[in-house]
Amino acid sequence: WEFNGSFYQPSAFLMMGIPGLEALHHWISIPFCAIYLIALLGNCMILFIIKKTQSLHEPMYYFLSMLAVTDLGLVLCTLPTTLGIFWFNIRRIGFDACLTQMYFIHILSFIESSVLLAMAFDRFIAISHPLRYPSILTKTTVIKIGLAIILRGMVSLLPIPFLLKRLTYCGKTELSHSFCFHPDIMNLACADIKVNVFYGMIILLSTVGMDFIFIVLSYILIIKTVISLATKEKCLKALNTCVSHICAVLIFFIPMIGLSMIHRFGKNVPPLVNTLVAYIYLTIPPALNPIIYSIKSSHIREALFRALRRKSE
């Protein structure tokens with residue numbers, strides 16, 4: 001502990017694996033390794049295919065590349081500490097290292113939310129204004145959107161580590177997860193955390209909350225456009241281009257909302273439920289997104305088959 005008058009700050013926190021199943025951590029690590037491997041290989045494959053295939057150099061796939069990079073970042077943020085606990089029972093993480101991990105996990109989550117909004121906007125323009133699509137979403141515009149997404153996440157979350165560093169900590173230093181999460185850390189403080197709670201809620205609602213609302217509005221407008229199409233075949237073809245994105249939105253936002261609600265209002269929720277929702281939120285979307293887009297996108301599928309054929313020849 002560091003002591004300075006009445007100010008106490010732990011030198012480290014203790015991370016938690018899966019409560020009640022500590023004896024099975026080595027076995028539990030097997031499915032986690034599989035999920036992490038799928039996420040790493042799948043997203044790298046998406047990036048490789050888009051880079052090497054000239055026909056995929058268009059806005060929809062640029063945004064998909066951003067999603068893949070963000071998913072890789074999320075995986076690499078949580079993989080060392082999670083597998084460190086499961087394999088070697090390394091539970092200790094330094095205070096500053098914990099705040100750094102927390103900052104990047106939250107930034108990447110916010111970036112993923114914003115990228116999903118950008119992808120919804122892309123689908124809206126492609127379906128509602130197909131003739132103007134190339135002139136609206138130029139390569140320069142996509143780059144500007146990408147930079148704005150990164151800047152938004154970095155700036156909005158910059159105060160969070162400093163708000164945590166000003167708090168006095170006492171008693172428990174055990175986190176609820178195998179990674180550092182803002183609500184989890186602030187709940188260990190024995191000081192007034194109203195500022196942290198208020199700022200965290202405002203940022204969450206003004207970023208991820210607004211992203212979700214605008215995604216829903218985009219699909220309302222897309223459905224209105226699709227309904228006005230002349231034939232059923234055109235209607236189904238237009239909607240089919242959105243299926244992958246809808247799946248990505250659902251598998252990201254449902255666990256995220258669930259985890260936020262548990263941390264803020266779920267005082268009586270069993271620790272195992274809290275832990276499982278957190279793992280689903282941070283590991284399942286990065287693993288499933290490449291699979292979903294590989295199955296649903298014929299262009300990616302064809303490019304993948306061409307790459308595999310070239311390697312086998």
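**Entry 1: the largest cavity**

I began with the largest cavity, which has a volume of about 180 Å³. I noted for myself that this is a predicted model. Searching the whole structure, I found 2 cavities of 30 Å³ or more.

Which residues lie nearest the centre of the largest cavity? I found H106, F110, G200, L204 and R264 there, among 14 lining residues. Next I sorted the lining of the largest cavity by type and got 9 nonpolar, 4 polar and 1 charged. I also looked up where the lining comes from: α3 (95-128), α7 (182-186), α8 (194-227) and α10 (243-265) each give at least two residues.

**Entry 2: the second largest cavity**

The second largest cavity has a volume of about 40 Å³. I listed its lining as N43, I46, L64, L67, A68, D71, N289, P290 and Y293. Two or more of these residues come from each of α1, α2 and α11 (271-296). The largest share, 4 residues, belongs to α2. By type, I have 6 nonpolar, 2 polar and 1 charged in the lining of the second largest cavity.

**Entry 3: α1 and α2**

Both helices had just turned up in my notes, so to speak, and I looked at how they pack. Two packed helices are described by the angle between their axes and the distance between the axes. For α1 (residues 25-52) and α2 (residues 59-88), I have an angle of about 155° and axes 9 Å apart. Angles over 145 degrees count as roughly antiparallel, so α1 is roughly antiparallel to α2. The crossing of α1 past α2 is left-handed.

Conventions
Residues are numbered from 1 along each chain as its sequence is written. This is a predicted model: local features need pLDDT of at least 70, side-chain atom pairs count only at pLDDT 80 or more; totals for chains, interfaces and linings use all residues. Side-chain values use heavy atoms; hydrogens and water are left out. Axes are lines fitted to C-alpha atoms, for helices over the stretch in contact, and angles run from 0 to 180 degrees between N-to-C directions. Angles under 35 degrees count as roughly parallel, over 145 as roughly antiparallel, 65 to 115 as roughly perpendicular and the rest as oblique. A crossing is left-handed if the near helix is turned anticlockwise from the far one by less than a right angle, and right-handed if clockwise. On a 1 Å grid over the protein atoms alone, a cavity is a set of points where a 1.4 Å probe fits but cannot get out, and a pocket is an open set with protein on both sides within 12 Å along at least five of seven lines; lining residues have an atom within 4 Å of a point. Grid points are joined across faces, edges and corners, and a volume is the space filled by probe spheres set on the points. Ala, Val, Leu, Ile, Met, Phe, Trp, Tyr, Cys and Pro count as nonpolar, Asp, Glu, Lys and Arg as charged, and the others, Gly among them, as polar.
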